[in-house]
Structure formats: C-alpha cells, structure tokens
Amino acid sequence: MPFVSFNSRDSLFKSVHGCLKTGQSVQFRIALPFGMPASGVRAVFESDDAPALVFPMERAFDNDYGAFWEFRHTFDEPGLHFYHFEFESSGETLRITRYDMGLGSFEQHGEPWQLTAYDKDYSTPSFLRGSVIYQIFPDRFRRGADHSELIEGCPFKDRVVHEDWKELPDWLPDKNGRYNSDYFGGTLEGIVEKLDHLVSLGVGMIYLNPVFEAHSNHRYDTADYSKIDPYLGNVDSLKKL
C-alpha cells in the first residue's frame, strides 16, 4: 500500500512520494511541532478545472516529533493530484507547502506536492516487460555516412559543428548568450549503422532524445514537431531506423 508521510522538526516536513492505482487507499500524515496550537487541520487538493477538495485530518498520536495528524483517501480518477495542508493557529490560517527534494515549510505561496494515480486496469505492453531500454542522445551517438551531406544541406548556417568528435562540448554560453548551441553531428543513419552492436549488448528497445527541428543540440526546445532536425536526417531516415 503506498504511504505518504510528513515528519517534522520545527517547520520542515519530509515526504515519501509514490504512485498508486485508482481505487487504492493512501494515507497522508503530517506532524505539527509541540507548542504550536492547531485546529481545523486539513489537506487541500487543487485543480485548474474543478473546485478544490478539502479533507479534514484527525489527530492520531503524539511522539517526540510532535502531534501527528492524518487522513486516508482513495483516488477514483487517474491523473496528477496536487495538494498542500492548512490549519488554524493563533487566529491565522497557516499553509504547509513543498520546499525542495520532498521537503516543505510554512511558506504560504510555496509549491504543492503531487501524487500520481494511474488506471488500475493499465498493463504495460508485453514487449516492454523485461526489455533493456537504451537511451540515445542523437547528436552525440554516431555520425552516419550521411553526416557531411546533412551538414552541408542544413538551412541553418549559424550552427557550430565540432570537427573532432572527441572535442569537449562548449560549456560556456556563445556570443548570443545561448547554451547547448554546438553540435557534433550524430545522425539517425549513424544509429542504424550501430543497431547490430546494440542488439549484441542485449538492447531490446531504443529511447531517443527529441529528434525534431530545434535550435539546441538536445532539441528539447522543439520548433517544429512535423520536421526531423536537418542535422539528423529526415522523415525517411526515421522510418528506416
């Protein structure tokens, strides 16, 4: 059973996150420091397209950390669920939000926690189970036989390409203040040329970083999802791969 808890020393809270199936019960727990009067302790789940859901919490037990409050809930719908905690103390409403790396504080405008609920009937594809997945950053994997032709035919003439495959990547910003703007020229054909080698390693599935037209070497800032980046190849190259 997934379990989400919050343990407190002074104003910090630490959580253990996870995901759960729809219809599966999960327990939420927070600890409020001794000496801090608290009433109306509640969990608040917020959504962009629906009213907030508020769940009262009950005081379960005390120990050296403080007073522990908890409630149990079952998510009926799959999705991302965002939440924080609130309570009344000395005439004001205090809000407990996420801080960093699972930590939280009494910052009123901090970020919420999130929990993933997935469809209980979902099943991973049979070909995926037990398979070795190999992630490829296309620009840095291998220059294919089409490398020079693709570089020459690229309409973006301001790109910087390393001649030596073994050079260090540029880690400082370029003259325009941009990062990740230098290329080594790996291509989709280069991946095709190494498929036998990947199979010999036991790889059963390839996961590619973005391959669409972009203006950075990692291509996460995709400009056009309908085009393969000209340094990598074209739609036919992707079909061949």
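This is a predicted model: local features need pLDDT of at least 70, side-chain atom pairs count only at pLDDT 80 or more; totals for chains, interfaces and linings use all residues.
Me: What makes Arg42 and Glu88 a salt bridge?
Reply: The N to O distance of the Arg42 and Glu88 side chains is 2.7 Å. The cut-off is within 4 Å, from a side-chain nitrogen of Lys or Arg to a carboxyl oxygen of Asp or Glu. So the pair Arg42 and Glu88, at 2.7 Å, counts as a salt bridge. The pair links distant parts of the chain: Arg42 is in strand 5 (residues 39-47) and Glu88 in strand 9 (residues 79-89), 46 residues apart.

Me: Why is Arg42 called buried?
Reply: Arg42 has 17% relative accessibility. Buried means under 20%. Arg42 therefore counts as buried.

Me: Why is Glu88 called partly exposed?
Reply: Glu88 has 28% relative accessibility. Glu88 falls in between, so it counts as partly exposed.

Me: How do you know that Glu46 forms a salt bridge with Arg95?
Reply: The closest N and O atoms of Glu46 and Arg95 are 3.8 Å apart. The limit is within 4 Å, so the pair passes. Glu46 lies in strand 5 and Arg95 in strand 10 (residues 92-98), so the pair ties together parts that are 49 residues apart in sequence. Glu46 itself is partly exposed, at 37% relative accessibility.

Me: What makes Asp139 and Arg140 a salt bridge, and is each partner buried or partly exposed?
Reply: Their side chains meet at 2.7 Å, N to O. That value is within 4 Å, so the pair Asp139 and Arg140 counts. Asp139 has a relative accessible area of 0%, so it is buried. Arg140 has 26%, so it counts as partly exposed.

Me: Which residues do salt bridges with shared partners join into one network?
Reply: Arg42, Glu86 and Glu88. A search of the whole structure finds 13 salt bridges.

Me: Why does Glu213 have no salt bridge?
Reply: The nearest side chain of opposite charge, Lys227, is 4.4 Å away. A salt bridge needs a nitrogen and an oxygen within 4 Å, so Glu213 has none. Among the residues Glu213 touches are Phe156, Thr222, Lys227 and Pro230, not counting residues up to four places away in sequence.

Me: What makes a patch of negative charge on the surface?
Reply: Glu163, Asp164, Glu167 and Asp170 gather in it. A patch residue needs over 30% relative accessible area and no salt bridge. Glu167 has 35% relative accessibility, so it clears the area cut-off. Glu167 is found in the loop between strand 14 (160-161) and strand 15 (182-183).

Me: Which residues make the nonpolar surface patch?
Reply: Ile133, Tyr207 and Tyr220, with about 340 Å². Nonpolar side chains are joined within 5 Å, and Ile and Tyr both count as nonpolar. Tyr220 is found in the loop between strand 17 (212-214) and strand 18 (222-228).

Me: Why is Gly186 called buried?
Reply: Gly186 has 0% relative accessibility. The cut-off is under 20%, so Gly186 counts as buried. Its place is in the loop between strand 15 and helix 2 (188-193). Leaving aside neighbours within four places in sequence, Gly186 is in contact with residues including Pro138, Asp139, Trp165 and Tyr231. The C-alpha atoms of Gly186 and Asp62 are separated by 59 Å.

Me: Why is Ile30 called buried?
Reply: Ile30 has a relative accessible area of 0%. That is under 20%, so Ile30 is buried. Ile30 is found in strand 4 (residues 25-32). Ile30 and Arg59 are 29 residues apart in sequence and 9.6 Å apart in space, C-alpha to C-alpha.

Me: What makes the phi of Ser90 and of Arg219 worth noting?
Reply: Most residues other than glycine have a negative phi. Ser90 has a positive phi of about 50° and is not a glycine. Arg219 has a phi near 65°, also positive. Ser90 sits in the loop between strand 9 and strand 10. Arg219 sits in the loop between strand 17 and strand 18.

Me: Is Ser90 buried or exposed, and Arg219?
Reply: Ser90 has a relative accessible area of 66%, over 50%, so it is exposed. Arg219 has 0%, under 20%, so it is buried.

Definitions and conventions. Residues are numbered from 1 along each chain as its sequence is written. Side-chain values use heavy atoms; hydrogens and water are left out. Patches are made of residues with over 30% relative accessible area and no salt bridge: like charges are joined within 9 Å, nonpolar side chains (Val, Leu, Ile, Met, Phe, Trp, Tyr) within 5 Å. Accessible areas come from the Shrake-Rupley method with a 1.4 Å probe; for residues, only the protein chains shown count as cover. Lys and Arg count as positive and Asp and Glu as negative; His and the chain ends are not counted. The place of a charge is taken as NZ of Lys, CZ of Arg, CG of Asp or CD of Glu. Helices (H or I, at least four residues) and strands (E, at least two) are DSSP runs, numbered from the N terminus. Buried means under 20% relative accessible area, exposed over 50%, partly exposed in between (1.4 Å probe, protein chains only). Contact means heavy atoms within 4.5 Å.
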